[in-house]
Amino acid sequence: GPRVVWVRSMMRKMLSAPLLLALIARQGSADEWNRKLQGSAESHLEVYFGCGCFWHMQHGFVELEMSSLKRRGDRITARAAYAGGTRPDDGLVCYHNMEGKADYGMMGHAEVVSMSIPQSTFPQFAQRFWTLCQGGLRQDTQDAGSEYRSVVGLPGGWGNAALLQILKGQAPSPEDAKKLVEGHGSSDGDTLTTGEVYVYDTNKFPAYTAEKFHQFHDDMRDQYGSKYNEFRRFATQTKCPGDSAAGGLSFL
């Protein structure tokens with residue numbers, strides 16, 4: 001009847017162009033949010049990379065986390081760490097110290113940078129490693145010893161064919177890819193003259209986060225600025241000698 005016609009007429013007016021556009025925009029936002037939720041559910045990889053002093057390596061990966069993953073503040077996961085050596089009973093691995101407590105060098109560990117990244121972004125992080133570690137060689141050639149050897153830590157290590165293939169594929173050349181070798185642990189020596197890169201299984205050779213005073217540190221030859229250094233407040237203090245919430249000691 002007339003009332004039904006009137007109701008339909010009012011509905012057409014209510015669903016005017018501006019309202020329809022608003023509804024479409026709202027749906028678009030919902031779709032975008034759903035995509036974000038799906039992305040957040042993506043599995044993550046716990047990996048690490050090492051090539052000489054971990055200060056400049058951490059800076060390189062923090063930059064990538066910020067630019068590629070849009071991470072900021074406490075969401076940044078790149079941490080200076082130790083890996084590739086003897087597994088400690090108490091989980092403590094420390095920098096060289098006067099007490100000789102859990103000395104990473106004595107335990108056969110290397111300086112690395114550990115991080116948690118979406119699995120789909122591993123190619124980007126593998127590429128960044130090769131950029132920071134050209135030819136498998138560290139830039140700080142004055143540092144000598146197995147503590148500065150070139151390493152990559154992957155779940156499954158040498159047995160993870162998929163990730164290993166990606167790591168090889170991101171190498172600048174086939175010759176660089178051939179420098180990847182299976183890592184065996186604390187007996188692995190320095191790579192300064194060989195350019196080899198040891199590949200470790202993170203399950204057998206996990207990373208141990210380094211002292212708070214080592215986190216977000218300027219390199220020996222490069223200054224990264226106070227904004228970068230201030231990320232240290234998000235780092236966790238360890239029980240290692242010399243570590244403190246105020247920043248602790250600083251070693252070369």
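Tutor: Strand E4 is covered on both faces, with Val151 and Gly153 buried on one side and Val152 and Leu154 buried on the other. Buried here means under 20% relative accessible area, while exposed means over 50% and partly exposed lies in between, all with a 1.4 Å probe and protein chains only; strands (E, at least two residues) and helices (H or I, at least four) are DSSP runs, numbered from the N terminus. This is a predicted model, in which local features need pLDDT of at least 70 and side-chain atom pairs count only at pLDDT 80 or more, whereas totals for chains, interfaces and linings use all residues. Residues are numbered from 1 along each chain as its sequence is written, and side-chain values use heavy atoms, with hydrogens and water left out.

E1 and E4 run antiparallel and are joined by 3 bridges, with phenylalanine 49 standing opposite valine 152 of E4. E4 and strand E6 (residues 197–201) run parallel and are joined by 4 bridges, and here glycine 153 stands opposite tyrosine 200 in E6.

Cysteine 51 and cysteine 133 form one of them, with their sulfur atoms 2.2 Å apart, and the link is right-handed, at 75° about the S-S bond. Because cysteine 51 lies in the loop between strand E1 (44–50) and helix H3 (54–68), and cysteine 133 in the loop between helix H4 (122–132) and strand E4 (151–154), the pair ties together parts that are 82 residues apart in sequence. Cysteine 51 counts as buried because its relative accessibility is 0%, and cysteine 133 is also buried, with a relative accessible area of 0%.

A disulfide also joins cysteine 94 to cysteine 240, at 2.1 Å from S to S, and this link is left-handed, with -85° about the S-S bond. It connects distant parts of the chain, 146 residues apart: cysteine 94 is in the loop between strand E2 (79–83) and strand E3 (110–118), and cysteine 240 is in the segment after H7. Both of these cysteines are buried. Counting bonded cysteines along the chain, the disulfides follow the pattern 1-3, 2-4.

The segment after helix H7 (226–229) also holds threonine 238, which is buried because its relative accessible area is 17%. A polar atom of the threonine 238 side chain lies 3.2 Å from the backbone nitrogen of cysteine 240, and the side chain of threonine 238 makes a polar contact with that of aspartate 243 at 2.7 Å. A polar contact is a pair of N or O atoms within 3.5 Å; within protein, one must be able to donate a hydrogen and the other to accept it, and residues adjacent in sequence count only if both atoms are side-chain atoms. Leaving aside its neighbours within four places in sequence, threonine 238 is in contact (heavy atoms within 4.5 Å) with Thr209, Ala210, Glu211 and Asp243.

Methods
A disulfide is a pair of cysteine sulfur atoms within 2.5 Å. Two strands pair if DSSP finds at least two bridges between them.
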